[in-house]
Amino acid sequence: MTEHGTDPATRAFVDHRNLLFTVAYEILGSAADAEDVLQETWLRWARVDLGQVEDRRAYLVRITTRQALNRLRAVKRRREAYVGQWLPEPLATAPAVAEHVELAESMSMAMMLVLESLSPTERAVFVLREVFDAEYGEIAEAVGKSPDAVRQIAHRARRHVGARRPRRTSSARETRAALESFRRAIETGNPQDFLDVLAPDVVLLSDGGGVKRTALHPVVGAEKIVRFWIGGSAKVEETITWEPAEVNGSPALAVYVGGELDGVMAVRVEDTRITGLYFIRNPEKLTHLASGTPLTVR
């Protein structure tokens, strides 16, 4: 790209880059795929006659959405053959993202998994309408549907998400307190410390991508998770440390083994207790987290 201070096309793209990346990430659940979509968006945007574009932001969002939908339909097939459980790629976010409640909730691991259950078009419509408050006409242009069809899709997607989304969104302070209790339980290895912070019906989902050792199926119930966790930790000979992190708009924990980033733990918290644990160890999904700049809100 040329210096964006003098090139209108580049300047517009750079000005809206965070927005475009977030749209792509919310549709795809993958920072790596979102970056590829942005490259494809730029290649198409660079060929556009800006004199024919009334709303540059809307036009860029339209290109990004179409490219993200194309990629999502392709990766859906790839994810069907994924080894073990598939979790969204964790994304480092600046603390200010948590202040945007709707955006932070939509980026949470719990919500991203709910969005995975939507069809590609439903997901794009839901993200554009509910998260970014786009007009139905604008969404229709992006997904190639009529405004009336988009309204029906949005209604269906809201109903689907509403039936599956967490009952209550916890505050960053509540999440941070629960994570601190969980970290203390890890350090003490005392089963009761785990049981004090885990809800009885808590679910652990873990993603190693067939490369790192994780549970291939959900582990359900506090006592089962405690046995699984303590047993697995005992097999690790290197030093393990857990550090606070800011991931997907919420507090999280980053785990280091022998000084190297080995995984990220995100959680869902309801009524001060952890009801969902999301442990990502797939090395491919940690690359962006280790080297990328935290996402900010513009």
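**Notebook: confidence, sheet and cavity**

I looked up confidence by element: helix α13 (residues 287–291) has the lowest mean pLDDT, 80, and β2 the highest, 98. pLDDT is the predictor's confidence in each residue, from 0 to 100. Elements are DSSP runs numbered from the N terminus: helices are H or I of at least four residues, strands E of at least two.

This is a predicted model; local features need pLDDT of at least 70, side-chain atom pairs count only at pLDDT 80 or more, and totals for chains, interfaces and linings use all residues. Residues are numbered from 1 along each chain as its sequence is written, and side-chain values use heavy atoms, with hydrogens and water left out.

I checked the chain: its pLDDT averages 91, and 97% of the residues score at least 70.

Next, the sheet. I read an open sheet of 6 strands, ordered β2-β1-β6-β5-β4-β3, with mixed pairing. Strands pair if DSSP finds at least two bridges between them. β2 (219–220) and β3 (240–247) are the edge strands. β3 pairs with β4 (residues 250–257) in the antiparallel sense over 8 bridges.

I then looked at helix α10 (residues 172–188). α10 lies across β1, β3, β4, β5 and β6, at about 25° to β4. Axes are lines fitted to C-alpha atoms, for helices over the stretch in contact; angles run from 0 to 180 degrees between N-to-C directions. Contact means heavy atoms within 4.5 Å.

Last, cavities. I found 1 cavity of 30 Å³ or more. A cavity is a set of points on a 1 Å grid over the protein atoms alone where a 1.4 Å probe fits but cannot get out; lining residues have an atom within 4 Å of a point. Its lining includes L19, R57 and F132.

Notes:
On a 1 Å grid over the protein atoms alone, a cavity is a set of points where a 1.4 Å probe fits but cannot get out, and a pocket is an open set with protein on both sides within 12 Å along at least five of seven lines; lining residues have an atom within 4 Å of a point. Grid points are joined across faces, edges and corners, and a volume is the space filled by probe spheres set on the points.
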